[in-house]
Each structure stands twice: as structure tokens, then as C-alpha cells.
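Here is my note on the two-chain model you sent. Please read the points with the structure open.

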Amino acid sequence: MLTYMIRRLLLAIPALLFTSLVIFLLVDFAPGSPMSQIPLTVPPDVRARIVEALGANEPIHLRFGLWLYQFFVVEPAYLLDQMFGTTLSTGRQRILSWQSRSPVMDIIAERLPQTLTVIGLAYVIGVLIALPIGIYSAYRPYSWFDQIGTFVAMVGFSVPTFLTGVVLIVVFSVNLGWLPSVYDTRLRMTGWNSFVQQAGQMAMPVMVLALFNAAEISRYMRSSMLDTLGQDYVRTARATGIGERAVVLKHALRNALIPVVTVIALGVPTVFAGAIVTEQVFRVNGLGALLINALEASDLPMVQTLTFIFAVLIVLFNLIADILYGILDPRIRYD
Amino acid sequence: MPDGALPVLDVKGLKTVFRTRGGEVHAVNSVSFHLQPGELLGVVGESGSGKSVTMMSLIGLLPSPPADVREGQVLLGGMDLLRATPDQLRAVRGARIGFVFQDPMTSLNPVFNVGNQIMEPLRKHMGMDRKAARQRALELLELVGIPDAARRLDDFPHQFSGGMRQRVMIAIALACNPEVLIADEPTTALDVTIQAQILELVKELRQKLGMAIVWITHDLGVIAGIADRVMVMYGGQVVEQAPVRELFANPQHPYTRALLKTIPKVSGEREGRLQVIEGQPPILSAAPTACPFRARCAHAFDRCHRENPQRRAIGAGRVGYGHDVACHWTPEVTHA
């Protein structure tokens with residue numbers, strides 16, 4: 001298992017390097033310039049000097065090489081310095097945002113908590129809702145519970161989050177006035193009141209995303225469980241006279257979870273990347289919003305770094321999914 | 001088997017219906033049989049004749065819906081299993097009636113090791129703790145002839161061959177010393193040499209443990225070698241029932257005769273093409289009002305189309321105990 005993991009991680013390196021190059025080229029070829037947000041009144045020679053100062057006019061291989069060096073050497077060194085008080089990164093340039101001229105990683109670290117609390121919580125809630133619904137729907141297929149579950153899942157999966165989000169805002173913020181429509185990042189939780197406020201402003205984005213995630217995962221859970229409940233070994237378990245609960249929740253569920261866990265693990269990177277739309281709708285100041293703004297401003301270092309981090313997460317969770325698969329299914333052995 | 005002993009299992013007038021989208025399917029029609037202590041009853045019939053459905057109806061193993069066990073009585077030591085509560089039924093399954101299924105490749109749970117699967121009924125029915133159950137599981141694996149049993153307890157089903165898995169299945173079924181073992185085509189999915197090994201094992205276990213066995217198969221050769229008594233099923237009903245020697249020597253029902261003719265002979269001249277029974281078994285969408293075999297029967301006459309024959313005794317004895325047959329054509333007293 002360990003050798004398998006090491007081999008997989010080593011194989012991931014060339015894949016990620018190639019991915020980073022593709023991202024870099026794509027971002028670079030895209031129309032727009034870092035000057036697009038600078039007022040038109042700024043004269044051309046000044047613009048040229050700004051571009052020069054940013055290093056945006058250097059040849060592409062130089063810029064890519066520099067980014068690689070900064071991402072893989074300078075940023076980790078800086079992180080070590082922060083943790084252990086060493087001076088490894090002194091005198092080396094970190095990746096800077098073209099928009100704000102501050103280090104990209106610092107901005108990401110600022111935005112990460114919002115994304116994790118709102119979008120992460122939505123994913124966890126979605127999974128926790130989806131599993132029991134999927135299991136019970138499969139246990140009583142075509143019952144009224146299953147029919148309602150199927151309908152809600154269809155709606156949740158097929159209606160885009162920007163629509164459900166806006167509908168919720170219209171209902172709960174505009175008409176009822178119960179919940180704020182804009183997420184306030186400055187809110188600090190200090191006591192009961194601020195906690196209620198925080199829960200209130202998280203409620204809608206979490207609801208929207210949890211519905212979407214639950215819809216998808218509950219369908220996977222249902223079909224997997226339905227398939228498993230018809231297996232011969234479930235009949236064998238029943239024939240041994242153990243209780244129905246043990247038959248379903250032990251014998252069937254343990255098998256049915258194998259593919260579902262993989263789907264759940266593979267879905268985690270989308271927590272970071274896929275929630276971009278929802279973050280925009282509710283003005284949650286997270287990574288998704290950060291990426292959108294960076295794209296609008298042609299902030300190459302920021303776009304490049306964020307996208308690459310998403311790519312790393314996808315590779316990482318693919319590996320985690322494979323490992324979980326091996327743990328859950330004794331027939332799979334990675335050696 | 002002696003006539004007087006009280007049967008361990010007594011099934012009377014069992015009727016099972018499947019409700020499907022295309023209407024009802026009458027899979028089991030008024031099936032009655034009994035099982036004496038220590039006896040091995042062979043049940044033969046082609047696919048779809050209702051053998052497995054009959055046995056699964058006994059202990060509520062059919063998913064309902066679509067299955068509906070409508071009528072009848074299944075008496076196990078005075079308790080009617082068809083009127084038992086789910087809890088009572090669970091206390092019977094695995095404890096007093098053990099089940100071995102056809103396909104050992106899919107009948108064991110792939111994610112639990114075999115020790116775990118054998119221990120489960122032991123802990124449930126016998127109230128054993130982990131240690132005692134593990135000890136008993138080890139004994140059971142040795143009993144069913146799995147070499148190096150102590151080490152193999154922690155192995156998973158995929159690490160066993162088909163024959164070994166079927167031995168594990170038998171160990172699970174026998175875990176709690178059941179009075180009745182129902183084996184639903186346990187050797188069909190195995191190749192012939194392994195099949196012979198499993199047959200030997202069951203014969204041996206039967207002598208050691210003395211349980212009564214219902215052996216479902218469509219292989220008459222297997223029946224001849226192992227059964228005391230044979231019940232032939234067709235179209236969801238019992239068409240003939242007799243002690244094994246009597247049935248092979250003196251088959252009465254045209255279906256039984258046809259079945260016996262289909263067995264290819266190993267010795268002697270080749271007789272050309274293998275014998276077959278032409279046609280398909282019926283799918284009964286209503287309770288039968290005529291003989292289910294009439295369409296394929298060479299001897300069918302007008303009464304066969306009007307009236308479903310009842311089982312009646314051949315020679316001396318009651319229906320179910322001696323030799324009986326459900327056929328209008330068969331003469332009352334045979335030329336044995």
C-alpha cells in the first residue's frame with residue numbers, strides 16, 4: 001500500500017507539471033492585459049513602464065520558469081520561515097498578484113476560511129443528508145418516500161445553483177427579510193448574537209450547495225444500495241436469521257458504500273472550485289470569488305496559482321479515493 | 001423411513017403468487033410435503049418448476065412484494081411458520097433451518113472474512129461471545145473439510161475456490177445445528193469433481209449430525225446417489241413423489257418418465273441424439289384448472305384439459321408417504 005501511494009505520488013508530478021504548463025499557456029493566450037483595469041487616461045508610455053515593472057513583457061518561458069521556481073521553492077521556503085523562524089526565503093521574491101501587489105498566497109490564506117466554512121459545511125451537510133435518503137429510498141423503492149426523494153433530487157440536480165440561490169434571496173431576504181443577502185466577512189464570532197448572525201448569513205449559501213450535493217450523492221447512494229440489496233449475499237445474510245437492520249446496514253451498506261465513498265472523495269475538490277457561482281451569488285468572499293475577480297483583471301499569477309492549487313487538490317483526492325477503495329474492498333490490493 | 005415418526009417439517013397446501021406488472025404468476029400451487037427426521041428429500045424439476053420458490057416461501061425469504069405466500073401451513077415442530085411474527089421467523093432462520101444457495105461465488109459477502117460470516121448466526125442464535133463463536137467457527141470449518149482452518153478464518157471469500165466457498169456456505173448453514181438443511185442446487189454451479197466432493201461431504205455430515213435435508217436439483221444422477229425420497233415438481237405443483245428406488249424403477253407420471261429418459265447413458269451403444277422434452281414449462285397466470293403438463297404430454301386426453309389432477313396414492317399407503325402421482329392417465333394399479 002505504501003509503495004503504491006509513493007508510486008502514485010511520483011507519477012502525479014509530471015502530470016501536475018504538464019497541467020501547470022497548460023494552464024499557464026491558456027491563461028497567457030487568453031485575451032486581456034493586466035492594464036485593462038487601468039484608467040484610459042494613463043498615457044501609453046506609463047502603461048508600458050507598468051507592464052515592464054510587473055515583468056509581464058518577459059518571454060513566456062522565462063515567466064513560466066519563474067512561476068515554477070516561486071511556487072515550488074520560494075513559497076514553501078516562506079512557509080517554513082513562518083513556522084520555524086528560519087530565514088530560507090529572505091531576499092527571494094514571492095508570487096505577487098498584479099492587482100494588489102501583495103503575495104498571492106497571503107490573499108489565498110485570507111480567503112480560504114470563508115470557502116471552507118460555507119462551502120465545506122454545505123458539502124458535509126449534503127453528504128449527511130444524502131446517505132440516509134439514498135439508503136432508505138433503495139430499501140423501499142418506488143414508495144412515496146422514494147418518489148419524493150427522486151423528485152427533489154431531480155430538481156436539486158437540474159436547477160443551477162445561481163437560480164436556486166437567487167430564488168432563496170428573493171424569498172428569505174427580499175420578501176421575508178429573515179436572512180441577509182450578502183455575506184459579511186468582517187463578522188467575528190464573539191458570543192451568542194454574532195453566532196446567530198453568522199449562522200444566518202451562512203444559511204442560504206449552505207442550503208443551496210447542500211441541496212445540489214445531496215441531490216447528486218443520494219442518487220448514487222440509492223442506485224448502489226438498490227444494486228447491493230438484490231445480491232445473493234444479502235439473501236444469505238437474511239437466511240442466517242440476523243435482524244433486518246444488520247442485513248441492511250451491515251451486509252448491504254458496507255458493499256454499497258464502496259462506489260459512493262469514491263464519488264464523495266472525488267467531489268471534495270469541487271468544494272473549492274465548483275462553488276464559484278454560489279460564492280458570487282451570495283457575495284461570499286472565498287476562493288471562487290477571488291478567482292473570478294482575478295480573471296476579470298487578467299491577474300495572471302493569481303489565476304495561475306489558484307487554478308494550479310485546484311489541480312493539485314483533484315489529483316490528491318483521486319489518490320485518496322483510490323486508497324479508500326482499497327480499504328473498503330478487501331478484493332482490491334495495491335501491491 | 002418409518003411411517004409413524006413425527007415429521008420435522010410438514011408443509012400443507014402451500015400457495016405462492018408473484019404480483020407482477022403483467023398480472024399474477026402462480027409459482028407454487030398447493031404444494032404439500034413432509035420431511036422425516038434425518039431424511040433426505042430430493043426435489044427435482046426443470047428451471048421454473050417452483051422448486052426454489054417453494055423452499056424460500058417456507059421461511060419468508062422471498063421479497064414481498066412481489067411475492068405473496070397466500071395459503072397453506074408450514075409446521076416446524078408445531079409452529080406454523082407462515083403465521084409466525086418476523087421475529088419468530090428470524091429465530092428459526094439460520095438456527096433451526098439452514099439454507100445453502102446455488103452460487104457460492106456470489107452467496108458470500110465479499111467484504112467480510114469468512115470467520116465473521118460464520119460467527120454471525122452463532123452470536124445471534126446461540127448467544128455466544130466472540131471467543132466462543134470463533135472457536136465454534138473454527139470447528140465448523142474443520143468439519144466441512146477446509147484445510148488449515150485456523151488460518152483461513154480471517155480470509156475473505158475471494159481467496160477461496162468455488163468448492164471451498166460452498167463448504168463455507170455449508171458451515172454457515174450448519175452453524176447452529178439446524179433440524180432442517182435446505183440445499184438449493186448447491187452443486188449446480190460447481191464442476192463435476194467438486195460436485196462429487198460436496199455430495200460426499202453432505203452424506204458424511206448427515207451421518208454425523210443427523211439433520212433432515214431438502215436437496216433441490218435438476219440433476220437426477222445426484223438424486224439417485226443421495227436421496228431417500230424424491231419429489232418431482234412441474235408447473236408449481238408436485239406431480240410425483242416416491243422413495244428413490246421406486247421412482248427410478250417404476251416412474252408413473254409422463255413427465256417423470258420423460259425426465260428419466262433425458263439422462264444420457266454412459267455405457268453401451270450411443271443412441272443417437274440426446275432425448276429432450278419438447279416445449280416450454282408453463283407460466284401460470286391463474287390457479288391451474290387443467291394439468292400443467294398437458295401441452296407437452298404425449299398421453300394427454302380431454303380430461304387433462306378440463307381438470308387439474310390431484311395427487312393419489314399408487315398401491316398401498318397414504319399420499320405423501322408411499323408412492324403418489326398427480327395424473328389422469330396413469331392407471332390406478334400399476335403393472336410393477
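1. Start with one loop residue. B:Leu284 sits in the loop between helix 10 (254–261) and helix 11 (302–306) of chain B. Helices (H or I, at least four residues) and strands (E, at least two) are DSSP runs, numbered from the N terminus. B:Leu284 counts as partly exposed because it has 19 C-beta neighbours inside 10 Å. The scale runs as follows: a residue is buried if 20 or more other C-beta atoms lie within 10 Å of its own, exposed if 12 or fewer, and partly exposed in between, with C-beta atoms placed from the backbone. Leaving aside residues up to four places away in sequence, B:Leu284 touches B:Val25, B:His26, B:Gly235, B:Gly236 and B:Pro292. Contact here requires C-beta atoms, placed from the backbone, within 7 Å. The C-alpha atoms of B:Leu284 and B:Asn29 are 9.6 Å apart, although 255 residues separate them along the chain.

2. Basis and confidence. This is a predicted model: local features need pLDDT of at least 70, side-chain atom pairs count only at pLDDT 80 or more, and totals for chains, interfaces and linings use all residues. Residues are numbered from 1 along each chain as its sequence is written, while chains are lettered from A and ligands numbered from 1 in the order in which they are written. pLDDT is the predictor's confidence in each residue, from 0 to 100. Chain B averages 86, and 96% of its residues score at least 70. In chain B, strand 11 (residues 312–314) has the lowest confidence, at a mean of 84, and strand 3 (residues 40–44) the highest, at 93. For the complex, the predictor gives an ipTM of 0.86 and a pTM of 0.82.

3. The contact between chains. Chain A supplies 18 residues and chain B supplies 23 residues. On the chain A side, helix 8 (232–239) and helix 9 (244–273) are the elements that give two or more residues. Helix 8 of chain A gives the most, with seven residues. By class, this side of chain A has five nonpolar, seven polar and six charged residues. Ala, Val, Leu, Ile, Met, Phe, Trp, Tyr, Cys and Pro count as nonpolar, Asp, Glu, Lys and Arg as charged, and the others, Gly among them, as polar.

4. A sheet in chain B. Four strands form an open sheet in the order 2-1-4-5, with antiparallel pairing. Strands pair if DSSP finds at least two bridges between them. The edges are strand 2 (23–35) and strand 5 (79–80) of chain B, each pairing on one side only. Strand 1 of chain B pairs with strand 2 of chain B over nine bridges, and two residues lie between them in a hairpin. B:Asp10 has B:His34 of strand 2 as its bridge partner. Eight bridges join strand 1 (residues 9–20) to strand 4 of chain B, with B:Thr16 opposite B:Val69. Strand 4 (residues 67–76) and strand 5 of chain B share two bridges; B:Leu75 partners B:Asp80 there.

5. Two phi values to check. B:Ser30 has a positive phi, near 45 degrees. B:Ser30 lies in strand 2 of chain B and is partly exposed, with 19 other C-beta atoms within 10 Å. A:Arg101 also has a positive phi, of about 60 degrees. A:Arg101 is in the loop between helix 3 (60–84) and helix 4 (104–139) of chain A.

6. Packing. In helix 10 of chain B, B:Pro254, B:Tyr255, B:Thr256 and B:Leu259 are buried. The buried residues of this helix pack against helix 8 (220–226), strand 9 (229–234), strand 10 (237–243) and helix 9 (244–249) of chain B.

7. Record annotation. UniProt, in an unreviewed entry, places "domain: ABC transporter" at residues 12–260 of chain B. UniProt positions follow the numbering used here, feature names are shortened, and annotations may be inferred rather than shown by experiment. Over residues 12–260, chain B is 39% helix and 27% strand, with end C-alpha atoms 27 Å apart.

Definitions and conventions: Two residues are in contact if their C-beta atoms, placed from the backbone, lie within 7 Å.
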